[in-house]
Amino acid sequence: AVSLSNIAAVYIPGAPNLALPDEPSLVLFSLTDEEVIFSWNEGEELAQDLVEFEIFRLESAGASVSLVDPYNTTRDNLTSDTNITVGSTYWYSVRSVHSFGVASNLSDPLEVTIPYPNPPAAVQGVAVDDVGNDSGGALAVSWNLSTETIDHYDIYLESSSFNSILNLTSVTNVSASQNSTNLTGLLDAQEYWVAVVAVDQYGNSTSAVVSVGPAYSRNDVPI
(Lines give C-alpha, C1' and ligand atoms only; values in the text may rest on other atoms or scores of the structure.)
Protein backbone atom coordinates (compact mmCIF):
# COMPACT_ATOMS: atom_id res chain seq x y z
CA ALA A 1 0.00 0.00 0.00
CA VAL A 2 1.13 3.54 -0.76
CA SER A 3 0.33 6.47 1.53
CA LEU A 4 0.83 10.11 0.39
CA SER A 5 0.67 13.20 2.56
CA ASN A 6 1.51 16.93 2.25
CA ILE A 7 1.51 16.75 -1.55
CA ALA A 8 2.37 19.97 -3.46
CA ALA A 9 1.36 19.95 -7.12
CA VAL A 10 1.34 22.57 -9.89
CA TYR A 11 -1.91 22.65 -11.85
CA ILE A 12 -3.84 24.95 -14.22
CA PRO A 13 -7.43 25.49 -13.18
CA GLY A 14 -10.04 24.64 -15.77
CA ALA A 15 -12.83 26.89 -16.99
CA PRO A 16 -14.86 28.00 -13.96
CA ASN A 17 -18.08 28.18 -15.99
CA LEU A 18 -18.65 26.62 -19.37
CA ALA A 19 -22.23 27.87 -19.64
CA LEU A 20 -22.94 29.22 -23.12
CA PRO A 21 -23.33 33.04 -23.09
CA ASP A 22 -26.44 34.55 -24.62
CA GLU A 23 -25.97 35.60 -28.23
CA PRO A 24 -25.77 39.37 -28.87
CA SER A 25 -28.86 41.21 -30.06
CA LEU A 26 -28.00 43.70 -32.84
CA VAL A 27 -29.53 47.16 -33.19
CA LEU A 28 -28.93 49.52 -36.12
CA PHE A 29 -27.58 52.81 -34.73
CA SER A 30 -26.91 54.88 -37.86
CA LEU A 31 -27.08 54.33 -41.62
CA THR A 32 -25.89 56.64 -44.39
CA ASP A 33 -24.51 56.19 -47.89
CA GLU A 34 -21.00 56.33 -46.36
CA GLU A 35 -21.21 54.40 -43.07
CA VAL A 36 -23.09 51.71 -41.16
CA ILE A 37 -23.02 51.81 -37.35
CA PHE A 38 -24.69 49.18 -35.18
CA SER A 39 -24.51 48.07 -31.57
CA TRP A 40 -25.58 45.15 -29.40
CA ASN A 41 -26.41 44.37 -25.80
CA GLU A 42 -23.56 44.05 -23.32
CA GLY A 43 -25.17 42.19 -20.44
CA GLU A 44 -23.32 40.82 -17.43
CA GLU A 45 -23.14 37.35 -18.95
CA LEU A 46 -21.59 38.64 -22.19
CA ALA A 47 -19.06 40.76 -20.28
CA GLN A 48 -17.85 37.87 -18.07
CA ASP A 49 -14.35 36.74 -19.13
CA LEU A 50 -14.86 38.53 -22.44
CA VAL A 51 -11.97 38.35 -24.90
CA GLU A 52 -13.61 40.10 -27.85
CA PHE A 53 -16.62 40.33 -30.11
CA GLU A 54 -16.31 38.90 -33.62
CA ILE A 55 -18.25 40.61 -36.40
CA PHE A 56 -19.19 38.71 -39.55
CA ARG A 57 -20.50 40.23 -42.81
CA LEU A 58 -22.20 38.45 -45.67
CA GLU A 59 -22.79 40.05 -49.07
CA SER A 60 -25.49 37.66 -50.29
CA ALA A 61 -28.49 36.12 -48.53
CA GLY A 62 -27.47 32.56 -49.36
CA ALA A 63 -23.85 32.82 -48.21
CA SER A 64 -22.55 30.94 -45.15
CA VAL A 65 -20.69 32.45 -42.20
CA SER A 66 -17.08 31.28 -41.78
CA LEU A 67 -16.41 31.32 -38.04
CA VAL A 68 -12.64 31.22 -38.63
CA ASP A 69 -12.71 34.37 -40.76
CA PRO A 70 -14.40 37.27 -38.92
CA TYR A 71 -14.87 40.52 -40.83
CA ASN A 72 -13.79 42.55 -37.81
CA THR A 73 -13.20 42.24 -34.05
CA THR A 74 -13.71 44.63 -31.15
CA ARG A 75 -14.06 44.74 -27.39
CA ASP A 76 -16.72 47.43 -27.64
CA ASN A 77 -20.40 46.68 -28.11
CA LEU A 78 -20.58 48.98 -31.16
CA THR A 79 -18.90 48.90 -34.56
CA SER A 80 -18.91 50.81 -37.84
CA ASP A 81 -18.36 49.80 -41.46
CA THR A 82 -17.28 52.23 -44.18
CA ASN A 83 -16.24 49.63 -46.76
CA ILE A 84 -19.68 49.72 -48.36
CA THR A 85 -21.28 50.29 -51.75
CA VAL A 86 -24.41 52.36 -52.34
CA GLY A 87 -27.40 50.17 -53.22
CA SER A 88 -25.79 46.98 -51.86
CA THR A 89 -27.26 44.84 -49.06
CA TYR A 90 -25.18 43.33 -46.26
CA TRP A 91 -25.98 40.86 -43.48
CA TYR A 92 -24.10 41.34 -40.19
CA SER A 93 -23.80 38.84 -37.32
CA VAL A 94 -21.86 39.04 -34.05
CA ARG A 95 -20.75 36.53 -31.43
CA SER A 96 -18.88 37.00 -28.14
CA VAL A 97 -15.63 35.11 -27.48
CA HIS A 98 -14.57 34.41 -23.88
CA SER A 99 -11.75 32.83 -21.95
CA PHE A 100 -11.19 29.07 -22.14
CA GLY A 101 -12.47 28.96 -25.73
CA VAL A 102 -16.08 29.71 -24.82
CA ALA A 103 -18.10 31.54 -27.50
CA SER A 104 -21.73 32.51 -27.82
CA ASN A 105 -23.94 31.52 -30.69
CA LEU A 106 -24.15 33.95 -33.58
CA SER A 107 -26.64 36.76 -33.24
CA ASP A 108 -29.60 36.92 -35.56
CA PRO A 109 -28.42 38.65 -38.75
CA LEU A 110 -28.90 42.40 -39.17
CA GLU A 111 -29.86 43.12 -42.79
CA VAL A 112 -28.79 46.55 -44.06
CA THR A 113 -29.25 48.10 -47.51
CA ILE A 114 -27.00 51.09 -48.16
CA PRO A 115 -29.14 54.08 -49.20
CA TYR A 116 -28.45 56.40 -52.07
CA PRO A 117 -27.31 59.90 -51.09
CA ASN A 118 -29.61 62.87 -51.28
CA PRO A 119 -29.79 64.36 -54.79
CA PRO A 120 -27.78 67.49 -55.57
CA ALA A 121 -29.38 70.79 -54.60
CA ALA A 122 -31.26 72.92 -57.13
CA VAL A 123 -29.03 74.73 -59.61
CA GLN A 124 -28.84 78.48 -58.98
CA GLY A 125 -28.37 81.46 -61.25
CA VAL A 126 -30.01 80.04 -64.38
CA ALA A 127 -30.25 82.65 -67.16
CA VAL A 128 -31.61 82.32 -70.71
CA ASP A 129 -31.22 84.79 -73.57
CA ASP A 130 -31.09 84.97 -77.34
CA VAL A 131 -27.76 84.20 -78.95
CA GLY A 132 -26.69 87.53 -80.41
CA ASN A 133 -25.57 88.22 -83.96
CA ASP A 134 -26.86 84.96 -85.37
CA SER A 135 -29.47 83.90 -87.90
CA GLY A 136 -31.92 82.81 -85.20
CA GLY A 137 -33.15 79.57 -83.69
CA ALA A 138 -30.76 79.55 -80.72
CA LEU A 139 -30.84 80.40 -77.02
CA ALA A 140 -27.86 80.83 -74.68
CA VAL A 141 -28.26 79.19 -71.26
CA SER A 142 -25.94 79.77 -68.30
CA TRP A 143 -25.95 78.90 -64.57
CA ASN A 144 -23.83 78.82 -61.43
CA LEU A 145 -21.65 75.74 -61.07
CA SER A 146 -22.79 73.33 -58.37
CA THR A 147 -20.64 73.23 -55.23
CA GLU A 148 -21.41 69.52 -54.82
CA THR A 149 -19.79 66.51 -56.48
CA ILE A 150 -21.94 65.80 -59.54
CA ASP A 151 -21.71 63.86 -62.79
CA HIS A 152 -23.39 66.22 -65.26
CA TYR A 153 -26.21 68.71 -65.85
CA ASP A 154 -29.48 67.92 -67.65
CA ILE A 155 -31.08 70.78 -69.60
CA TYR A 156 -34.86 70.88 -69.99
CA LEU A 157 -36.68 73.03 -72.56
CA GLU A 158 -40.46 73.46 -72.77
CA SER A 159 -42.87 75.84 -74.51
CA SER A 160 -44.63 76.68 -71.23
CA SER A 161 -43.64 77.21 -67.61
CA PHE A 162 -43.02 74.03 -65.55
CA ASN A 163 -42.04 73.26 -61.96
CA SER A 164 -41.21 69.55 -62.17
CA ILE A 165 -39.17 67.40 -64.53
CA LEU A 166 -41.21 64.27 -63.82
CA ASN A 167 -42.32 62.75 -67.15
CA LEU A 168 -40.14 65.26 -69.04
CA THR A 169 -37.11 64.48 -71.19
CA SER A 170 -33.99 66.60 -71.19
CA VAL A 171 -32.96 68.08 -74.53
CA THR A 172 -29.23 67.78 -73.80
CA ASN A 173 -26.71 67.19 -71.02
CA VAL A 174 -23.58 69.11 -70.18
CA SER A 175 -20.45 68.02 -68.30
CA ALA A 176 -20.06 68.94 -64.64
CA SER A 177 -17.25 71.38 -65.44
CA GLN A 178 -19.38 73.54 -67.77
CA ASN A 179 -21.86 76.24 -66.78
CA SER A 180 -23.23 77.29 -70.15
CA THR A 181 -24.54 75.89 -73.42
CA ASN A 182 -26.48 76.92 -76.51
CA LEU A 183 -29.79 75.34 -77.47
CA THR A 184 -30.31 75.32 -81.22
CA GLY A 185 -32.95 74.36 -83.78
CA LEU A 186 -35.61 76.52 -82.11
CA LEU A 187 -38.46 78.51 -83.61
CA ASP A 188 -37.96 82.27 -83.54
CA ALA A 189 -40.59 84.24 -81.58
CA GLN A 190 -41.69 81.01 -79.83
CA GLU A 191 -41.84 81.23 -76.03
CA TYR A 192 -39.45 78.87 -74.24
CA TRP A 193 -38.79 78.03 -70.57
CA VAL A 194 -35.58 76.35 -69.44
CA ALA A 195 -34.45 74.46 -66.32
CA VAL A 196 -30.98 73.14 -65.46
CA VAL A 197 -30.71 70.11 -63.15
CA ALA A 198 -27.57 68.71 -61.50
CA VAL A 199 -27.26 64.90 -61.65
CA ASP A 200 -24.92 62.84 -59.44
CA GLN A 201 -23.04 59.64 -60.30
CA TYR A 202 -26.03 57.51 -59.27
CA GLY A 203 -28.46 59.35 -61.54
CA ASN A 204 -30.05 61.21 -58.61
CA SER A 205 -31.51 64.63 -59.26
CA THR A 206 -34.17 66.90 -57.84
CA SER A 207 -37.50 66.69 -59.62
CA ALA A 208 -38.76 70.08 -58.42
CA VAL A 209 -37.42 72.96 -60.49
CA VAL A 210 -38.02 76.64 -61.20
CA SER A 211 -38.10 77.11 -64.96
CA VAL A 212 -36.75 80.36 -66.39
CA GLY A 213 -38.61 82.15 -69.17
CA PRO A 214 -40.18 83.15 -71.37
CA ALA A 215 -37.19 83.51 -73.67
CA TYR A 216 -37.27 84.00 -77.45
CA SER A 217 -34.73 83.28 -80.14
CA ARG A 218 -34.48 85.81 -82.97
CA ASN A 219 -32.77 86.35 -86.30
CA ASP A 220 -30.19 89.12 -85.87
CA VAL A 221 -29.09 89.20 -89.50
CA PRO A 222 -30.17 92.47 -91.16
CA ILE A 223 -32.59 92.09 -94.07
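Predicted model: local features only at pLDDT ≥ 70, side-chain atom pairs only at ≥ 80, totals over all residues.
Reader: Why is Arg-57 called buried?
Author: Its relative accessibility is 14%, and buried means under 20%, so Arg-57 counts as buried.

Reader: What makes the contact of Arg-57 with Glu-59 a salt bridge?
Author: The closest N and O atoms are 2.7 Å apart. The cut-off is within 4 Å, so the pair qualifies.

Reader: Is Glu-59 buried or exposed, and why?
Author: Glu-59 has 55% relative accessibility. Exposed means over 50%, so Glu-59 counts as exposed.

Reader: What does the salt bridge between Arg-57 and Asp-81 tie together?
Author: The closest N and O atoms of Arg-57 and Asp-81 are 2.8 Å apart. Arg-57 lies in strand 3 and Asp-81 in strand 5, so the pair ties together parts that are 24 residues apart in sequence. Both residues are buried.

Reader: Why is Arg-218 called partly exposed?
Author: Its relative accessible area is 47%. Arg-218 forms a salt bridge with Asp-130 at 3.6 Å, N to O. Asp-130, at 8% relative accessibility, counts as buried.

Reader: Why do strand 8 and strand 12 count as edges of their sheet?
Author: The open sheet has 3 strands in the order 8-9-12. Strand 8 and strand 12 each have a single partner strand, so one side of each is left without a neighbour in the sheet.

Reader: How do you know that strand 1 and strand 2 pair?
Author: They are joined by 5 bridges and run antiparallel. Pairing requires at least two bridges, so these strands pair.

Technical notes:
Residues numbered from 1 in each chain as written. Heavy atoms only, no water. Helix = DSSP H or I, 4+ residues; strand = E, 2+ residues; numbered from the N terminus. Salt bridge = Lys/Arg side-chain N within 4 Å of Asp/Glu carboxyl O. Buried < 20%, exposed > 50% of the residue type's maximum accessible area, 1.4 Å probe, protein only.
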